[in-house]
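I opened my notebook for another look at a multi-chain model. Here is what I looked up, in the order I went.

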Amino acid sequence: MFLRRLLKNKMGLIGAGVILANILVALLAPYIATHDPLKIDITNQGALPSEENLFGTDEYGRDIFSRVIYGTRISLYISVLSVLVAATLGIILGSTAGYYGGWADNLIMRVVDAIMSFPAILLAIGIMAVLGGHIYNVVLALGFVYIPWFARVVRGSVLSIKEKEYIEASLAMGGNDLTVLFRHILPNCMAPVIVQATAALAYAILAESALSFLGLGAPPPAPSWGNILSDARNFMLDNALMTIFPGVAITLAVLGFNLLGDALRDLLDPRLK
Amino acid sequence: MLKYFAKRIVYLVPTVFLVTVMVFLMIHLIPGDPAALMLGEDATQEEVKVLRHALGLDKPLPVQYAIWLSSIFKGDFGASVHTKRPVAQSIMERFPVTLTLTTLAMVISLLLAIPSGILAAYFHATRKDYLFMGATILGVSVPGFWLGLVLLLFLSVNLGWFPSTGFVSMGEDLWEGLRYMLLPALSLGLYMAAVVARMIRSSMLEVLRLEYVTHARAKGLREWTVITKHALKNAFAPALTTIGLQFGALLGGAVVTETVFSLPGLGKYIVVSIYMRDYPVVQGSILFLAIVYVLINLVVDLLYGYFDPRIEYS
Amino acid sequence: MRPDPPVLSLEGLKTFFKTEAGLAKAVNGVSFSLKKGETLGVVGESGCGKSVTALSVLRLVAHPGRIVSGRIMFRGEDLLKLPLERMRQIRGDGISMIFQEPMISLNPAFTIGDQLIEALRVHRRISRSEARDRAVEMLRRVDLPAPEKRIRDYPHHLSGGMRQRVMIAESMLLNPDVLLADEPTTALDVTVQAQVLDVMYRLTQERGTAILLITHNLGIVAESAQRVVVMYAGRVVEEGLVENIFEQAGHPYTRGLLSSIPLPGRGQGGTGEPLVELPGIVPSLFNLPSGCSFWPRCREKRRICEEDEPPLKTLGQDHRVWCWLDD
């Protein structure tokens with residue numbers, strides 16, 4: 001039904017296409033990559049791009065091209081998981097706050113505000129500093145940082161839907177709070193949540209690569225795009241492609257989610273900025 | 001209007017309180033013993049115990065929090081484990097660089113964003129507009145630190161237009177300092193420029209359709225005045241909120257940008273301290289930056305009332 | 001004695017909107033004139049093009065609308081051919097306009113004082129304090145209590161009726177020859193409507209300003225206007241003196257409008273004429289009927305109505321109708 005409208009939006013389609021391409025690359029990485037991304041070969045350090053190594057090698061002799069290809073897996077994995085964590089917790093908190101109101105609302109929103117009082121990357125850095133470098137720690141850190149986005153959006157939706165009459169009717173007919181919440185209210189909140197999710201996914205990829213670049217993300221030797229860029233600093237002068245390629249990969253992945261997100265936003269709620 | 005100001009400030013207190021709790025808990029969530037981690041693997045049990053006691057880590061948690069909080073109020077942010085210097089002092093030395101960087105980034109970004117957003121709204125649905133939307137979507141997709149790396153590589157190292165090592169503060173020498181700050185500020189500010197530009201455009205589009213804009217024209221005002229005075233003042237209010245939020249992104253991004261460009265700012269100091277497990281520094285610096293961010297948003301909230309006087313009723 | 005030339009006259013005005021859905025002929029060949037100092041009512045249902053007509057006079061029609069053809073004569077010049085800078089000078093000074101909803105036509109970000117002063121200083125080189133004094137004086141003339149204080153208020157501090165009076169004050173600051181009033185009372189409470197109309201009427205009478213009173217409310221026209229123009233689907237269907245039209249409407253549409261006004265005595269249980277609804281709805285401006293646009297709803301239509309556009313018929317002194325029917 002609105003799939004047709006989605007299909008009409010060219011930007012959205014391009015975005016979806018890019019995302020799909022990324023997913024495919026991630027899934028088919030073993031077939032696309034030319035080498036084992038983790039294989040060290042000291043004899044071939046800092047090689048320039050050649051037929052053998054499309055984008056050259058890093059200081060451990062690892063093939064950059066293959067590392068970037070496998071990097072897609074890490075980016076998608078981490079961002080999807082962290083957004084799932086953030087969305088789940090955000091929905092729980094937001095709907096509780098919106099539905100029950102009163103002190104629960106106050107308390108939850110204060111906590112949410114406190115989280116939002118930190119610049120996102122800063123909070124993620126702080127958490128990673130404490131937890132240490134590990135993929136699941138990144139998921140937790142980013143998942144925590146993005147909770148407020150979802151909590152606020154869900155709370156807003158719940159508040160507006162709560163007032164509608166069919167909720168009263170459903171309660172009058174004997175439905176208990178949880179049923180009403182799940183069957184009637186939440187399904188109607190999904191639209192803004194989905195829009196937020198695409199934005200959060202875009203952010204998560206950027207954040208994860210920044211964290212890795214600082215050495216606070218997926219620990220080496222994981223071929224996260226941020227890690228690759230960090231390693232590339234040693235060879236920046238000789239092998240420009242080594243610096244460019246991972247960045248382009250990040251940009252494309254993020255672009256896909258942003259394009260799709262924009263299209264979804266136009267479709268689902270033109271007033272959501 | 002004063003009531004609105006007072007309300008906003010009062011509203012802040014519990015939030016700031018929670019912020020301090022969160023920062024406090026950060027250290028105490030470290031897996032393992034903070035003291036042991038700070039001293040490293042070679043430390044003996046006895047040394048760890050002494051440090052624990054010195055740091056007050058053997059007291060109950062709420063008590064530790066109270067002690068910590070009261071020293072924060074006195075301006076004592078603890079001391080670096082490695083250099084033994086007060087964290088507050090290090091913050092004061094390094095923060096100006098970060099502040100300069102973020103302010104410059106913000107200025108550049110607003111100089112780019114506001115005119116282009118206005119023009120895009122004015123030329124809505126023409127090719128110029130589509131070009132704008134394309135550019136801004138790209139702008140929010142490019143990672144800032146990568147942009148910084150690329151700029152550093154091409155403009156500094158290859159072309160030599162900007163220095164690639166060393167540092168001169170803008171306080172000492174404005175123009176020379178600017179040469180050191182320009183590329184970092186540019187790479188940091190681009191994201192914000194794209195976000196704010198879109199916000200201005202959509203806000204202007206909404207406002208330009210409203211009746212008071214037609215009315216302004218009906219009074220005989222020049223189109224320029226209609227757009228920059230009547231439309232923009234109203235359109236700016238929602239964009240202002242975005243700008244405040246984006247300042248936070250700038251503070252966070254500064255950490256990464258300072259690392260890319262090796263600037264002696266607070267951000268790089270935090271990163272280095274993390275490598276060295278100098279937790280008091282990390283804790284104190286993050287708390288400081290969070291408070292700065294909260295204050296900036298308070299200022300933004302207060303400014304909002306200037307652009308949209310109707311706010312006092314909500 | 002030669003009659004005074006009209007202060008504003010529209011000749012064959014056509015304003016179309018080009019959208020994705022097609023071409024909307026909002027104003028499709030409208031001609032009428034406004035005499036000096038008179039109040040001319042322009043009535044019709046929503047969507048008949050009356051507001052667009054007013055906007056066209058000041059050339060304020062926004063994209064995707066365009067004035068396609070016609071002439072608008074004011075002070076001996078065709079407004080449609082003037083350079084934009086001259087047009088700008090006339091806006092607010094020679095011809096001013098007030099809008100339907102004063103909450104959204106006054107800028108919420110500026111005080112009413114600022115907005116009045118601005119209106120003055122765009123056209124006259126006077127100091128801010130002189131402008132302020134004139135503004136306060138004008139606010140007093142529109143019966144706004146405590147004008148010196150009010151001048152520092154923002155629009156949202158005032159009630160709807162007060163805001164509309166501010167609009168009237170602003171529009172009259174420069175003694176315009178013509179005031180375009182687009183549904184000035186429609187958004188107001190009934191109790192306040194009379195007050196606002198009163199103020200408007202008084203001020204314009206004092207200064208000899210002609211009013212183009214656009215409304216869908218025939219009652220207001222009956223009270224305030226001397227002549228009236230009836231519009232339907234972008235065209236004028238009848239024009240004349242208010243008394244003549246109310247007593248002996250020439251066009252079936254006008255008759256339909258008049259008999260559908262709920263008045264005491266009408267309708268079931270009453271003893272007066274029956275309350276007759278106009279059947280059907282206003283046609284889409286994208287898809288106007290051929291010939292006379294009214295024929296799908298006309299009880300008296302003939303074959304020729306569907307085929308050709310109706311000619312002008314003069315029914316009496318200053319009473320014109322565009323219809324195929326003979327009376």
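This is a predicted model: local features need pLDDT of at least 70, side-chain atom pairs count only at pLDDT 80 or more; totals for chains, interfaces and linings use all residues.

**Which chains touch**

Next I checked chains A and C and found no contact joining them, their closest C-alpha atoms being 15 Å apart.

**The side of chain C that touches chain B**

I then turned to chains C and B, where 22 residues of chain C are in contact with 20 residues of chain B. On the chain C side, α2 (84–90), β6 (95–98), α3 (102–105) and α4 (112–123) each supply at least two residues. Which of them gives the most? I noted α4(C), with 3 residues. Sorted by class, this side of chain C has 11 nonpolar, 7 polar and 4 charged residues.

**The open sheet of chain C**

I traced an open sheet of 4 strands in chain C, in the order β2-β1-β4-β5, with antiparallel pairing. β2 (22–34) and β5 (77–78) of chain C are at the edges with a single partner strand each, so each has one side without a neighbour in the sheet. I followed β4(C), residues 65–74, to β5(C) and counted 2 bridges in the antiparallel sense. There, Met73(C) has Asp78(C) in β5(C) as its bridge partner. Helix α1 (residues 50–57) of chain C packs on this sheet and touches β1 (8–19), β2 and β4 of chain C. I noted an angle of about 70° between the directions of α1(C) and β2(C).

**Around β7 of chain C**

Is β7(C) enclosed or open? In this strand (residues 178–182), 5 of the 5 residues are buried, so β7(C) is largely enclosed by the rest of the structure. I saw Val178(C), Leu180(C) and Asp182(C) pointing one way, and Leu179(C) and Ala181(C) the other way. β7(C) pairs with β6(C) in the parallel sense over 4 bridges, and Leu180(C) has Met97(C) opposite. With β8(C), residues 210–215, β7(C) runs parallel and is joined by 5 bridges; here Leu213(C) stands opposite Ala181(C).

**The largest nonpolar core**

Last, I looked up the largest nonpolar core, which has 258 residues. Among those with the most contacts inside this core are Phe150(A), Ile200(B) and Leu212(C). Its largest share, 19 residues, comes from helix α8 (residues 174–208) of chain B. Domain 1 (2–73) and domain 2 (87–307) of chain B each give the core at least three residues. I finished on Leu212(C), whose contacts include Leu34(C), Val178(C), Leu180(C) and Ala181(C).

Note on methods: Residues are numbered from 1 along each chain as its sequence is written. Chains are lettered from A and ligands numbered from 1 in the order in which they are written. Two residues are in contact if their C-beta atoms, placed from the backbone, lie within 7 Å. Ala, Val, Leu, Ile, Met, Phe, Trp, Tyr, Cys and Pro count as nonpolar, Asp, Glu, Lys and Arg as charged, and the others, Gly among them, as polar. A nonpolar core is a set of buried Ala, Val, Leu, Ile, Met, Phe, Trp, Tyr and Cys residues joined through C-beta atoms within 7 Å. A residue is buried if 20 or more other C-beta atoms lie within 10 Å of its own, exposed if 12 or fewer, and partly exposed in between; C-beta atoms are placed from the backbone. Domain bounds come from an automatic or database domain assignment. Two strands pair if DSSP finds at least two bridges between them. Axes are lines fitted to C-alpha atoms, for helices over the stretch in contact, and angles run from 0 to 180 degrees between N-to-C directions. Lists of a residue's contacts leave out its neighbours within four places in sequence.
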